[in-house]
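Take a look at the model below. This briefing covers its domains, the contact between them and the ligand shell.

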Amino acid sequence: MKNIPERVQLAHLPTPIHKLDRLSQELGKNIYLKRDDYTGTEVSGNKVRKLEFAAKEALQQKSDVLITCGGLQSNHARATAAVARRLGLKCHLVLRGTPADSWTGNLFLDKMLGADITFLEPDLFNERHMDIMEDIKHDYAQKQMTAYLLPVGASNGIGTFGYYAAYDEICQQEKDSDQYFDAIVTAVGSGGTCGGLVLGNWHHHRKHRIIGIPIADDAAYFQEIIQSIMHDASLLVGWNEVPNLGSYQLIDGYAGRGYALNTPEEMAFIESIAQKEGVLLDPVYTGKAFRGLVEEIRKGSFDGLNDILFIHTGGLFGIFDKTEAF
Ligand SMILES: Cc1ncc(COP(=O)(O)O)c(C=O)c1O
């Protein structure tokens, strides 16, 4: 691995890789899951890998508070609240929407972890959340407290090193087990996971096909974001080349009704995987993206790629907000 920024150790790594036997047989391919839903409990999922790098930077800057933002059921917000507490810091969340009558899933855990929360109406959040986080940072400064800002999903230059390092972890697991993958597939929600994998793969001479499946918006929107995240990451460590658009693929068609909204087909798919393989996918990210992978395999888009690794990026707590829909 090239020289990358320092990190605090927060996740249980390496996460295991499991083969899904029945689905593999059904599809005529070897489908594996990298269980990043096992990175921890309070800090479970992909976010903690990014937070290991961002939190180190926050500590280096002698921060007292972590400020971040996301949807009401944001996994990233909950993981940030947990990381803050682990490190003895405060957390302030700016969330999109107003709380429902019952506080459930990640929102419940945000409260348990004692995060301060500012709720914004969706339109205001979309237009001004970064400015509002800056205002909150300023308010803490007035109280002699240093605040560290993390963008949505910790998907920025520093955060993306989480998946740069995860890519390296996968290569090591391939060597150790003599089980090599043709493609690595992930959900794309804010771009940092995919960006980190692409950067890692680029520095390993593009051994794998890296494929992202957007769970909201579309490929054109995310390409721009992923390029910019990789650019910022490269600037941080003085790399003078950024992977080009041809170095990865984003597959459209599985965002469904949009962010955090589901169709009956998506819900039925999540339930079918739970019952076929004993694996719980989440409704917002992995359920949609994994469904996309299975559909695309059925359509023939993965012909010639036999060993496929899907990153289970976590998000389980989000399921509790959807029990009625299930
Ligand atoms: C469970 C889960 N999976 C996948 C993603 C997508 O990762 P990224 O935001 O890095 O694109 C997120 C967050 O957005 C997430 O919470």
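Domain bounds here come from an automatic or database domain assignment. The model is a predicted one. Its protein chain is split into domain 1 (17-45 + 156-321) and domain 2 (47-154). The ligand lies between these two domains, because both of them give residues to the shell around the ligand.

**The two domains**
- Domain 1 is written as two stretches, 17-45 and 156-321.
- Domain 2 covers 47-154.
- Between the C-alpha centres of domain 1 and domain 2 there are 24 Å.

**Where the domains touch**
- Domain 1 puts 26 residues into the contact, and domain 2 puts in 23 residues.
- On the side of domain 1 that touches domain 2, helix 6 (residues 161-177) gives the largest share, with five residues.
- That side of domain 1 holds eleven nonpolar, 13 polar and two charged residues.

**The shell around the ligand**
- The ligand is surrounded by 20 residues.
- The closest of them are G189, T193, Y285, T313 and G315.
- At least two shell residues come from each of helix 3 (75-86), strand 7 (183-188) and helix 7 (192-203).
- Helix 7 gives the most, three residues.
- By type, the shell has 15 polar residues, four nonpolar and one charged.

**Putting it together**
- Which domains give residues to the shell around the ligand?
- Domain 1 and domain 2 both do, so the ligand sits between them.

Key. Residues are numbered from 1 along each chain as its sequence is written. This is a predicted model: local features need pLDDT of at least 70, side-chain atom pairs count only at pLDDT 80 or more; totals for chains, interfaces and linings use all residues. Two residues are in contact if their C-beta atoms, placed from the backbone, lie within 7 Å. Helices (H or I, at least four residues) and strands (E, at least two) are DSSP runs, numbered from the N terminus. Ala, Val, Leu, Ile, Met, Phe, Trp, Tyr, Cys and Pro count as nonpolar, Asp, Glu, Lys and Arg as charged, and the others, Gly among them, as polar. A residue is near a molecule or strand if its C-beta atom, placed from the backbone, lies within 6 Å of it.
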